[in-house]
Amino acid sequence: PLFIPDTLSGTIFNLTAQNSTKVFYTGFNTPTHGYNGNFLGPTLIINNGDSITLNVTNTLPVPTTVHWHGFHVAPKNDGGPHQIILPATTWSPSFRMLNQASTFWYHPHGEGKTEIQITRGLAGMIIVRDSAEASYALPRKYKVDDFPLIVQSSVFDILKQFRTGSHADSILMVNGTMNPYLQVPKQVVRFRLLNPSADRTYYFGLSDSSSFHLIATDGGLLSQPFTTNRIRLSTGERAEILVDFGADTIGQQKYLMSYASELPRGIIGADSVGTSTIVIGDGYYNNPLNGANFNILRFDVVAPTASPVTTIPSSFAPLIPIPTASATVTREIHFSPDTAGQNGIDAFVEGGFFMNNKSFHMDSINEIVYLNDVEIWTLTNGTMVAHPFHIHDIEFFVVDINGIPPPPQYSGLKDVILVKPNDTVRFITQFKTFADDSVPYMYHCHLLHHEDEGMMGSFLVIDTSLTGISEIDLSSTIKVFPNPTSGKINIFTLKHKITSISVLNMMGETILNNSFRPVIDLSAAPNGIYFIEVKTEQGIVSKKIVLLK
Ligand code: C2O
Ligand code: CU
């Protein structure tokens with residue numbers, strides 16, 4: 001039977017990341033991680049508007065982080081790579097739940113450690129409730145007519161230990177259960193689909209190809225249910241669907257499937273990715289799931305529950321996308337392989353992928369956004385593989401995909417969007433509520449090894465209305481990045497009038513002196529440590545920087 005995680009609710013949530021084992025194969029104790037258990041974690045149920053505290057204790061022997069994927073929270077509460085939870089410590093972010101009702105999830109986001117920790121079991125679902133969603137006649141009795149379905153594909157080695165960095169992920173699990181079945185009542189049932197797999201995209205459908213109803217995507221309910229027989233879900237995405245078993249007979253069986261044979265080339269899970277001339281040496285083309293239609297979960301129809309939901313609502317509250325004319329800033333994020341010509345599918349096989357020709361660095365800031373700005377971001381994919389783009393802090397509306405308005409599945413609020421090879425995806429969003437001049441948010445590819453390998457960037461949200469910065473704050477309000485740099489250095493300040501900038505080498509010799517320019521270039525200087533002296537009307541700030549070409 002399908003395992004259904006327990007729930008935690010209220011306003012204080014205690015999670016312990018722990019080492020454990022689980023018997024997936026008789027006679028083998030597979031080393032696992034879990035939150036409050038041996039694999040995956042409890043489903044958190046949170047009400048919009050509540051002030052909550054999440055106490056996360058790390059009993060693992062290694063550092064971890066916990067990111068609340070999809071939440072609109074301050075960067076210090078976000079659980080990205082900068083909010084490290086050391087072994088034997090507890091991290092306790094507190095914040096008000098600002099997201100509207102939807103399905104979210106939590107997972108580690110440590111620098112370079114996301115894939116291994118999620119694969120071993122650190123992931124859990126979050127259900128946010130609100131009064132708007134509660135006003136519709138929808139199934140919402142957890143484990144009765146509302147079920148979490150966390151669909152993962154994994155690789156086990158000969159000792160039945162999880163392997164990462166492989167495309168031989170042929171073992172499917174739902175909520176950590178292999179070959180699962182679920183008794184479903186003969187009525188309308190809600191499923192919350194989450195794909196936390198390392199890189200596989202699923203193309204969900206029912207085995208009789210009958211229709212179901214997509215009601216919500218990453219950020220909440222659509223304007224109206226979208227009736228379809230296929231839903232594509234890449235890593236990180238969520239979808240809520242209603243399946244009407246009312247016309248089925250008791251005892252009938254059908255399957256939730258992935259129709260991966262219908263996925264276009266370039267999406268991981270399809271029959272082919274990359275160029276045909278690149279040989280993927282890690283099992284992609286031997287993996288029976290790739291390009292195949294396969295069963296994921298068997299449904300066994302049983303008698304209806306008391307007071308069942310029997311109809312599909314005709315509409316929800318209309319979604320009003322932000323008008324594109326209100327955007328004042330546009331940015332482009334371009335995906336590229338690290339070396340010209342290496343258009344393979346993976347970092348560990350062919351080298352990494354970049355965003356705007358850069359790899360993630362903990363101490364660099366890639367983009368600076370101003371609080372309350374409405375921005376349009378254009379994502380372009382110059383690689384041979386599809387990458388699911390995810391951004392923290394905000395939810396966005398897709399403006400268009402290759403110039404065409406989004407299909408119904410992408411018409412609602414999103415925080416992940418799959419960008420196929422050669423696609424151009426534009427989204428619009430507003431960076432509201434939270435600003436922090438030193439703790440960044442992340443945007444990245446949600447393929448777990450791409451994120452680990454640095455296909456990620458950071459952005460600060462800056463509140464320019466801040467006044468009265470004291471001299472003590474001077475140093476922290478002047479940013480010099482990236483650090484290390486390969487030559488170009490950006491100098492950024494919130495408030496201070498910069499009068500001049502000098503660069504000194506380790507011997508204290510001035511190698512550059514100018515009136516203020518926001519970008520200086522050290523690419524002609526030898527590699528080493530330099531001091532950037534920024535003179536302002538409030539005083540002088542010196543920043544150390546590493547030049548590494
Ligand atoms: Cu689901 Cu930045 O992550
Ligand atoms: Cu990627």
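**Strand pairing and cavities**

Modeller: In this predicted model, strand β21 (residues 253-259) and strand β22 (residues 293-302) run antiparallel and are joined by seven bridges.

Biologist: What makes β21 and β22 a pair?

Modeller: Two strands count as paired if at least two bridges are found between them. β21 and β22 have seven bridges, so they meet that cut-off. In this pairing, K254 stands opposite F299 of β22, and Y255 has R298 as its bridge partner in β22.

Biologist: How do you know that β14 pairs with β22?

Modeller: β14 and β22 are joined by five bridges, and the cut-off is at least two, so they count as a pair. These two strands run parallel. Q183 stands opposite D300 in β22.

Biologist: Why is the pairing of this sheet called mixed?

Modeller: Strands of a sheet may pair either parallel or antiparallel. Here β14 and β22 run parallel, while β21 and β22 pair in the antiparallel sense. The pairing of the five strands is accordingly mixed. Their order in the open sheet is β14-β22-β21-β16-β19.

Biologist: What makes β14 and β19 the edges?

Modeller: β14 (181-185) and β19 (231-233) each have a single partner strand, so one side of each has no neighbour in the sheet. Neighbouring strands of this sheet are turned against each other by 30° on average, with direction ignored.

Biologist: Turning to the cavities, how many does the search find?

Modeller: Three cavities of 30 Å³ or more are found in the whole structure.

Biologist: What makes a residue part of the lining?

Modeller: A lining residue has an atom within 4 Å of a point of the cavity. For the largest cavity, 17 residues line the space, and E115, T119, S153, S154 and A198 lie nearest its centre. α1 (114-119) and β11 (146-156) each supply at least two of the lining residues. The largest share, four residues, comes from β11.

Biologist: Which classes of residue line the largest cavity?

Modeller: Its lining has five nonpolar, eight polar and four charged residues.

Biologist: Which residues line the second largest cavity?

Modeller: The lining consists of A101, S102, I127, V128, E133, R190, R192, A216, L221 and E240.

Conventions: Residues numbered from 1 in each chain as written. Chains lettered and ligands numbered in written order. Predicted model: local features only at pLDDT ≥ 70, side-chain atom pairs only at ≥ 80, totals over all residues. Heavy atoms only, no water. 1 Å grid on protein atoms, 1.4 Å probe; cavity = no way out; pocket = protein on both sides within 12 Å on 5 of 7 lines; lining within 4 Å. Points joined across faces, edges and corners; volume = space filled by probe spheres on them. Nonpolar A, V, L, I, M, F, W, Y, C, P; charged D, E, K, R; others polar. Axes fitted to C-alpha atoms, helices over the stretch in contact; angles between N-to-C directions.
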